[in-house]
Amino acid sequence: MPLLVSLFLLVFLAAPALAGEVAVAPEVDASALPTLGAQWLTANPYRGNAVAVDLGRLAYNQACARCHGADAATRAAPAPDLRNLDRYCRRIADAELQAACLRDNDDYFAHSVRHGKIIVGVTHMPPWEGVLKQELAWAIQVFIEAQARGARE
Ligand code: HEC
């Protein structure tokens, strides 16, 4: 029952509030990151890159925080807590399985960001393709992962 109630609230109440949202590019200089070109990669190339975490924080707070919460550090935001995205991968002990899990996760992250979340014609999240450089998208992901590790490990 609580699940049904949350689904109802999400679909019928949250959706109109977020409808018509447009993606606005963050003003963050990505030139300190290795350039990736126009073709989107399928896996995050910046894991372990501390500069990417810092730039990702700046870009996240400009572009994503208004829906997903400041600094990716609150559960009280209207949109999902993105720290949960790599939660299952982090729990896998086997290195090879964990790498495969992260690849799937990267693919899902990139797909969600590029195409947004448009559900039965309602824009829950605008598409970021053509607005957000892929360098900043991957930097945002490593920043979110760093926040997730800080919060739970
Ligand atoms: C206008 C509000 C809004 C903005 C701005 C926004 N998002 Fe979202 N995002 C949402 C909503 C709402 C969902 C959940 C959509 C659904 O599945 O119903 C979502 C879902 C996602 C998901 C999938 C999460 C999951 O658990 O499946 C990812 C990844 C994501 N957003 C990343 C981003 C990133 C990165 C940014 C900044 C570049 C961003 N979002 C900016 C509203 C927003």
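Biologist: How far from a nitrogen atom of the ligand does a polar side-chain atom of His68 lie?

Modeller: A polar contact is a pair of N or O atoms within 3.5 Å; within protein, one must be able to donate a hydrogen and the other to accept it, and residues adjacent in sequence count only if both atoms are side-chain atoms. In this predicted model, the distance from a polar side-chain atom of His68 to a nitrogen atom of the ligand is 2.8 Å. Tyr108 has a side-chain N or O atom 2.4 Å from an oxygen atom of the ligand, and for His124 a polar side-chain atom lies 3.2 Å from a ligand oxygen atom.

Biologist: What limits apply to such values, and how are residues numbered?

Modeller: Residues are numbered from 1 along each chain as its sequence is written, and side-chain values use heavy atoms, with hydrogens and water left out.

Biologist: What are the protein donors of the iron atom of the ligand?

Modeller: Donors are N, O and S atoms within 2.8 Å of the metal (3.2 Å for Na, K and Ca), and water is not among the atoms, so sites may look incomplete. Here the protein contributes NE2 of His68 and SD of Met125, at 2.0 to 2.1 Å from the iron. His68 belongs to helix α3 (residues 65-68) and Met125 to strand β2 (residues 122-125), so the pair ties together parts that are 57 residues apart in sequence; helices (H or I, at least four residues) and strands (E, at least two) are DSSP runs, numbered from the N terminus.

Biologist: Which geometry does the site of the iron atom have?

Modeller: Six donors count as octahedral if opposite donors are over 155 degrees apart and all others between 65 and 115. The iron site is octahedral, its six donor atoms making angles of 82 to 179°.

Biologist: Are His68 and Met125 buried or exposed?

Modeller: Buried means under 20% relative accessible area, exposed over 50%, and partly exposed in between (1.4 Å probe, protein chains only). His68 counts as buried at 10%, and Met125 counts as buried at 17%.

Biologist: How many residues surround the ligand, and which element gives the largest share of the shell?

Modeller: A residue is near a molecule if one of its heavy atoms lies within 4 Å of it. The ligand is surrounded by 22 residues, the closest being Cys64, Cys67, His68, Tyr108 and Met125. The largest share, four residues, comes from α5, while α3, α5, β1 and β2 each supply at least two.

Biologist: What does Gly116 touch?

Modeller: Contact means heavy atoms within 4.5 Å. Leaving aside residues up to four places away in sequence, Gly116 touches His111, Met125, Pro126 and Pro127. Gly116 sits in the loop between α5 (95-115) and β1 (117-119) and is buried, with a relative accessible area of 11%.

Notes: This is a predicted model: local features need pLDDT of at least 70, side-chain atom pairs count only at pLDDT 80 or more; totals for chains, interfaces and linings use all residues. Four donors count as tetrahedral if all angles lie between 85 and 135 degrees; four count as square planar and six as octahedral if opposite donors are over 155 degrees apart and all others between 65 and 115; anything else is irregular.
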